[in-house]
Amino acid sequence: MRLSIERKPIRVNPDPKRVIARFFFNGNDRAKEVIERVMRISEDDAFGIVSPLLQEYSKRHRNITRVLNRHCSKLKPLFLELNIDFDTLSVYRKLLIGSYFTHEYSIESAAFFNPSIIEDPDQTELEDGQRRVIISFRAVGEGHISSITFRRAMIDKFNNITIQPAGDYIDEAEIVRNAVYNKKLFFEKAAVTRISIDVINELESKLDHHFEYANLRRIITDSQQLQEDDIKRLEYDKVLWLADSYYEIVFSLDTDVSDRVIFPISEYERKGIEDARFVHFTNDDGTKLYYATYTAYDGSLIMPKLLQTSDFYNFKIMPLYGAGAQNKNLALFPRKVNGKYVMISRIDGCNNYIMYSDKINIWEKPIKLQQPEFSWEFVQMGNCGSPIETEEGWIMITHGVGPMRRYVLGASLLKLDDPTVEIGRLREPLLIPNADEREGYVPNVLYSCGSIIHNNKLIIPYGVSDSSTAFAEVCLDELLAKLKADAIRA
């Protein structure tokens, strides 16, 4: 008999009105033609065109003049080629040129799903039994490009969930590239991404054991100038794309968390940032950080990455390394176990693995933990977020894929001091798509990237057929009892 699970009367739907102003570029030749056309009009005409644009789009973006100026500044190399002195351009002409290289992108126009829920850093001024949380989502827009967005929510003492209204504007972060790279690890990752071994060997010989982005870029630029082969020049570009996968992003302090979007930045993310699994991590000294594992996708290559923050304003992002950092579905435990970081992964696309590490970004020697046992997970299984600690063991919500590619949620219980030991696994799904949840962007799919315990209930946010997000809860004691009763076969 399946456990009793309560679906909450709340649904979070995508909002196509949530747009960001992105840089739009159609190639050097066409860009030069546009610049020349704008340069031919008078100052009065430039003001007359851009003035109503500023009035209209200032209602849709927090600081549209800053955005347009930034996008115009990106074109400085083209102004130089056209023998135009950028610094002498009037304010309004710069804004007008910037507007021709800007387009609005609706980050949630297609779907809004695969949520992860964690405790908000701000737990002040709450009543007994209340808890403030942050929910991350995979938002999908035009071109099926995924980004990470957020909402705040409140859970009361009766476990009612109230989603706070989202802000009126959405902001991308400022990008900071100040990483110092470890040469050995960096070029091991380069080999995995199938960059030319000749290029790797050449650059390795020219770099110190630790190097900075600016130094790498200078060496690559010098090497590319000696190359006439476009294919070889592209291999050097790929190394820079990999370097671009390490970065920090900083959001303005005057933004609400719902105003912030983590949009693909590096070339290896250009087709999406998928399925962030956030976890509130406790260090050995009791300090806490937030981590998230996610999948970067460039259209053909999958790169697992790690995101770190303490306040949801400043984020540090880096790739993950090692034989265990392959494919999708990486989920970090919320603390070290026996002095080591612990991660769940699915390196073969079918089974769950577990691995230990002394370093949070290097994962080797994965151990198979679970394989499909029941008909509803025969195609594949994986985790649905970081395991959750209880006195009885680690609860891990899983997903299973069965007939008709139906995704359902399950649950497992791992031993507290040795999570390589599976104590029990539900023999029947915990949650399956009902009649109201089967239709959507991808039918018959329920999926989650992280749950939370509140008031002795396990609250599970889940994506509904890749179209929206719903919530369910199950009694913790009943779930633990069922997991122990459904012990794994010898």
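Q: Which backbone oxygen lies 2.7 Å from a polar atom of the S448 side chain?
A: That is the backbone oxygen of P461. The model is a predicted one, and the distance is computed from its atoms.

Q: How far apart are the C-alpha atoms of S448 and P461, and how many residues separate them along the chain?
A: The C-alpha atoms are separated by 6.2 Å, while S448 and P461 are 13 residues apart along the chain.

Q: What else does the S448 side chain reach, and at what distance?
A: It reaches the backbone nitrogen of G450, at 3.3 Å.

Q: Where does S448 sit, and is S448 buried or exposed?
A: S448 belongs to the loop between β26 (446–447) and β27 (452–454). With a relative accessible area of 0%, S448 is buried; the cut-off for that term is under 20%.

Q: Which residues is S448 in contact with, leaving aside neighbours within four places in sequence?
A: The contacts are P115, C384, G385, L409, I460, P461 and Y462.

Q: How many residues of strand β28 are buried?
A: Seven of the eight residues in β28 (residues 457–464) are buried, and the strand is mostly covered.

Q: In which sense do β26 and β28 pair, parallel or antiparallel?
A: The pairing is antiparallel and runs over two bridges. In β28, G463 is the residue opposite Y447.

Q: And how do β27 and β28 pair?
A: They pair in the antiparallel sense over three bridges. I453 has L458 of β28 as its bridge partner. The two strands form a hairpin with two residues between them, and N455 in the turn has a positive phi of about 50°.

Q: How many bridges join β28 and β29?
A: Eight bridges join β28 to strand β29 (residues 468–475), again in the antiparallel sense. V464 has S468 of β29 as its bridge partner. Three residues lie between the strands of this hairpin, and S465 takes a positive phi near 45° there.

Q: Changing topic: where is D275, and is D275 buried or exposed?
A: D275 is in strand β13 (residues 272–282). D275 is buried, with a relative accessible area of 11%.

Q: Now the helices. At what angle do α3 and α5 pack?
A: Helix α3 (residues 64–73) and helix α5 (residues 91–100) pack at about 80°, with their axes 7 Å apart. They are therefore roughly perpendicular to each other.

Q: Which residues meet there?
A: From α3 there are T65, L68, N69, H71 and C72, which meet K94, L95, I97, G98 and S99 of α5. By class, this contact has four nonpolar, five polar and one charged residues.

Q: Which residues of helix α6 are buried, and which residue caps its N-terminal end?
A: K183, L185, F186, F187, K189 and A190 are buried in α6 (residues 183–192). N182 is the cap, with a side-chain oxygen 3.1 Å from the backbone nitrogen of K184. Just after α6, R194 has a positive phi of about 65°.

Q: Finally, what is the strand order in the open sheet that has β17 in it?
A: The order is β17-β18-β19-β20, with antiparallel pairing. β17 (331–332) and β20 (367–370) stand at the edges with a single partner strand each, so one side of each is left without a neighbour in the sheet.

Notes. Residues numbered from 1 in each chain as written. Predicted model: local features only at pLDDT ≥ 70, side-chain atom pairs only at ≥ 80, totals over all residues. Heavy atoms only, no water. Axes fitted to C-alpha atoms, helices over the stretch in contact; angles between N-to-C directions. Helix = DSSP H or I, 4+ residues; strand = E, 2+ residues; numbered from the N terminus. Parallel < 35°, antiparallel > 145°, perpendicular 65-115°, else oblique. Contact = heavy atoms within 4.5 Å. Nonpolar A, V, L, I, M, F, W, Y, C, P; charged D, E, K, R; others polar. Pairing = 2+ DSSP bridges. Buried < 20%, exposed > 50% of the residue type's maximum accessible area, 1.4 Å probe, protein only. Polar contact = N/O pair within 3.5 Å; in protein donor to acceptor, adjacent residues only side chain to side chain.
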